[in-house]
Amino acid sequence: MYQLLIRLLSPLIWVLILIDAFKRKGGWSFVVQRLGLYYPAPKSTDTQQKPIWFHCASVGEVKAAEPLIRALLSHYPLLITTSTPTGKDLVLSSFGDQVVHRYLPLDWPFAIRHFLKRYQPARLWVMETEIWPNLYRIVASKQIELCILNGRLSKKTLGAPAWLQKAYRESLQKVNKIIARSEEEAQRFQALGANPENIQVLNNLKYAALTEMHNPPRPIERPYVLAASTHEDEEFKISQLWLELQRPELLVIVPRHPQRSIQIQKQLNTLDPKLKVASKNKMPEPQTKLFLDDRMGKLIALFAHAELVIMGGSFVPKGGHNILEPAAFAKPIMTGPDMSDFEDELALLKSHQGIIQCHSYSDLKESLETLLNHPQAAENLGKGAKKALEVQQDTLEKYLIALDIFISGH
């Protein structure tokens, strides 16, 4: 069924790729590489050593792979594929020309064979959750080592139709090793059909990078509370309760999708006509209550110096967003009720009293007031979050051992 559908839907997929390239500003390279039509020649190296191939679907997976990529940079040629232009941008800004970036071809056999013939990788390491039946089948047929790293599966995947679960099961049986990030994830892979003997449980690879983060320069002089990676309705509701608190601190809002900025501005202007917007070069003034930072790449510096962090995507049914980055800076963190995409991370921070999960906006309002009025309680919450990460410091070494990689110093 899978093979039939992917062929029947090919004309529609072509159209969708063109639309996606326009919307995401991916350019012609996005189109021809995703369709498997053309790939630039690989870099020539003195040793002609076959590259290790990382596939990172988008930004989150690139961040998760970063500590492993950095450990290997000076020892192996690395090929990194993403499925999105934002993933590509992060690869290039993080590693520059030390790696080769390409877009992953769609799961058509001819496209995958074209890609493999061009780059001839020695290993394929897939980050987190991508399962592509033709990719896995063809890679295995060419005896290329195939591993899933930092593995996780959503409940939605487990509830897929029977024909798709069959395709997943056959794909997972081609995998040499699955390194799951928790026992629960390991059980999900096993339930989907992976060989239990090929599954190993290690910590979340994201922990490895976070313990080494350094404070960037302060982006805003005033004390501020940060609402990070927000989605539709969250900006308005959080701003509304913030203004009701009548606090002297600034509320900084960073939407998950900056292209929603105009819509957000219209909503927030009804609450506060003095709203400042970063993309308009309007920085907060001493009396500013709300500041919309709709620029890309500013979150880390904002995390580092926030008084408190409210993690968006959790007060609406989006599954939450990454709470580990603010935890690395020992920040007090609050989330909403839906953290279904980050259950393990939430459990880790909760086990160290390093996070508050609010069940409603009224809970959030109460928690904000309590923490802002009791700085010691806020500081203890942040210390708990930081401690939760510090106990994971050997994660990278465990991955290198599991992958049979020896590097001097690890």
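Which residue's side chain does Glu 128 meet in a salt bridge? In this predicted model, the partner is Arg 181, with an N to O distance of 3.5 Å. Glu 128 sits in the loop between β4 (123-127) and α7, while Arg 181 belongs to the loop between β6 (177-180) and α10 (183-192), so the bridge ties together parts that are 53 residues apart in sequence.

Glu 128 counts as buried, at 2% relative accessibility. Arg 181 is buried too, at 7%.

## Other pairs and a network

The structure has 19 salt bridges in total. Another one joins Glu 235 and Arg 260 at 2.9 Å, N to O. Glu 235 is part of helix α12 (residues 234-245) and Arg 260 lies in the loop between β9 (250-255) and α13 (261-271), so this pair links parts 25 residues apart in sequence. Both ends are buried: Glu 235 has 1% relative accessibility, and Arg 260 has a relative accessible area of 13%. Back at Glu 128, salt bridges with shared partners put Glu 128, Arg 152, Arg 181, Lys 206 and Glu 345 into one network.

Asp 233 and Lys 237 also pair up, at 3.3 Å, N to O. Here Asp 233 is partly exposed at 31% relative accessibility, and Lys 237 is partly exposed at 29%.

## How α6 meets α7

Helix α6 (residues 109-119) and helix α7 (residues 133-141) have axes that come within 9 Å and cross at roughly 45°, which makes α6 oblique to α7. The crossing is right-handed.

On the α6 side, the contact uses Pro 109, Ile 112, Arg 113 and Leu 116; α7 brings Asn 134, Leu 135, Arg 137, Ile 138 and Val 139. By class, that gives six nonpolar, one polar and two charged residues.

Key. Residues are numbered from 1 along each chain as its sequence is written. This is a predicted model: local features need pLDDT of at least 70, side-chain atom pairs count only at pLDDT 80 or more; totals for chains, interfaces and linings use all residues. Side-chain values use heavy atoms; hydrogens and water are left out. Axes are lines fitted to C-alpha atoms, for helices over the stretch in contact, and angles run from 0 to 180 degrees between N-to-C directions. Helices (H or I, at least four residues) and strands (E, at least two) are DSSP runs, numbered from the N terminus. Angles under 35 degrees count as roughly parallel, over 145 as roughly antiparallel, 65 to 115 as roughly perpendicular and the rest as oblique. A crossing is left-handed if the near helix is turned anticlockwise from the far one by less than a right angle, and right-handed if clockwise. Contact means heavy atoms within 4.5 Å. Ala, Val, Leu, Ile, Met, Phe, Trp, Tyr, Cys and Pro count as nonpolar, Asp, Glu, Lys and Arg as charged, and the others, Gly among them, as polar. A salt bridge is a side-chain nitrogen of Lys or Arg within 4 Å of a carboxyl oxygen of Asp or Glu. Buried means under 20% relative accessible area, exposed over 50%, partly exposed in between (1.4 Å probe, protein chains only).
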